[in-house]
Amino acid sequence: MSTRIDVRKTYKLFIGGAFPRSESGYSYVVNDSKGAFVANAALASRKDARDAVGAARKAQSGWAGRTAYNRAQILYRVAEVMEDRRPQFVQAVQQSEGLSGSKAERVVDEAVDRWVWYAGWADKLTQVVGNANPVAGPFFNLSTPEPTGVVAVLAPERSSLLGLVSVLAPVIVSGNTAVVVSSYSRPLPAVNLAEVLATSDVPGGVVNILTGKAATVAPWLAAHMDVNAIDLGGVAGDPVLATELEVAAADNLKRVRRAPAAEPDWSAAPGLEPMTAFLETKTVWHPMGV
């Protein structure tokens, strides 16, 4: 019996619902928690980031125009497909984070449950965050939340799956589209999630995933004039880079979710803040009796 050749994988980017190679042609080695080779991942460049923003912008109005009920169905479908591919995610989390089998299974369970949790919020967020305002005059005054637009998300470096889902799902549930820079050292769960998103009724361009260094790609996203908001969670513990990105984001008045001093406990209940951080409020006045 002949010896099989080892098939070494090189994962691609996820842009506009497709899986292109990095235009630079560069990739980097991904090792597991013990330093053994696992795969190669694409090294995203400035042009890849620009293409991802273009895809996100193109998809944004259509995604925001979907009914909240339909967005809930799609997010729930993501949870369903993740559940079907549970063993693959458990292996990826084990390799990336060095967890035991039981702990990795718990992380995957929590990640799937988080998609379900956010799916449930899709058609309730407006009722909770919106308001009929009291006014001193013959008017109705109604405030409703609106998506901010295209959101750049720097995914957590350590929590490669639960942290990733915890920062991505709240961005898209309300109608935003996302350009995500995955964990550099632990990109495999993000790569697997991209394959799930591609087969879960998520329209192309709603989520775009770049693998590579946040320090290289994030400055272009922070300064990009067609990005409306940025989540800096992926540079937690790096106040110098976080400040540089905040300054770059200020040029077009981006909404900024600031980097924490350290990665939070992603298993804690997320609350509403991750969703409301990327909402605008539209207020409409309407005369009574007309």
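**Close-up views of a predicted model**

View 1. Strand β5 (residues 139-147) is antiparallel to β11, and nine bridges join them. Strands here are DSSP E runs of at least two residues, and helices are H or I runs of at least four, numbered from the N terminus; two strands count as paired if DSSP finds at least two bridges between them. This is a predicted model, in which local features need pLDDT of at least 70, side-chain atom pairs count only at pLDDT 80 or more, and totals for chains, interfaces and linings use all residues. Residues are numbered from 1 along each chain as its sequence is written, and side-chain values use heavy atoms, with hydrogens and water left out.

**View 2. An open sheet of three strands.** The strand order is β4-β5-β11, with antiparallel pairing. β4 (131-132) and β11 (279-287) are at the edges with a single partner strand each, so one side of each has no neighbour in the sheet.

**View 3. Strand β3 and its partners.** β2 (residues 27-31) pairs with β3 in the antiparallel sense over five bridges, and Y28 has A41 as its bridge partner in β3. The two strands form a hairpin with five residues between them, and G35 in the turn has a positive phi of about 90°. Strand β1 (residues 10-11) runs parallel to β3 (residues 37-42), joined by two bridges; look for T10 opposite N40.

**View 4. Helix α3 and its buried residues.** The 12 residues of α3 (residues 86-97) reach 16 Å from first C-alpha to last, close to the expected 16 Å at 1.5 Å a residue (1.5 Å times one less than the number of residues). R86, F89, V90, A92, V93, S96 and E97 are its buried residues, where buried means under 20% relative accessible area with a 1.4 Å probe, protein chains only. Down the axis of α3 they fall within an arc of 165°, so they line one face of the helix; the arc is that of the directions from the helix axis to the C-beta atoms. They pack against α2 (68-84), α4 (101-121) and α7 (188-197), with contact meaning heavy atoms within 4.5 Å. After α3 comes G98, with a positive phi near 70°.

**View 5. The lining of the largest pocket.** Of the 14 residues lining the largest pocket, E97, L99, V107, S159 and L162 lie nearest its centre. α4 gives the most to this lining, with four residues. A pocket is an open set of points on a 1 Å grid over the protein atoms alone, where a 1.4 Å probe fits, with protein on both sides within 12 Å along at least five of seven lines; lining residues have an atom within 4 Å of a point.

Terms used: Buried < 20%, exposed > 50% of the residue type's maximum accessible area, 1.4 Å probe, protein only.
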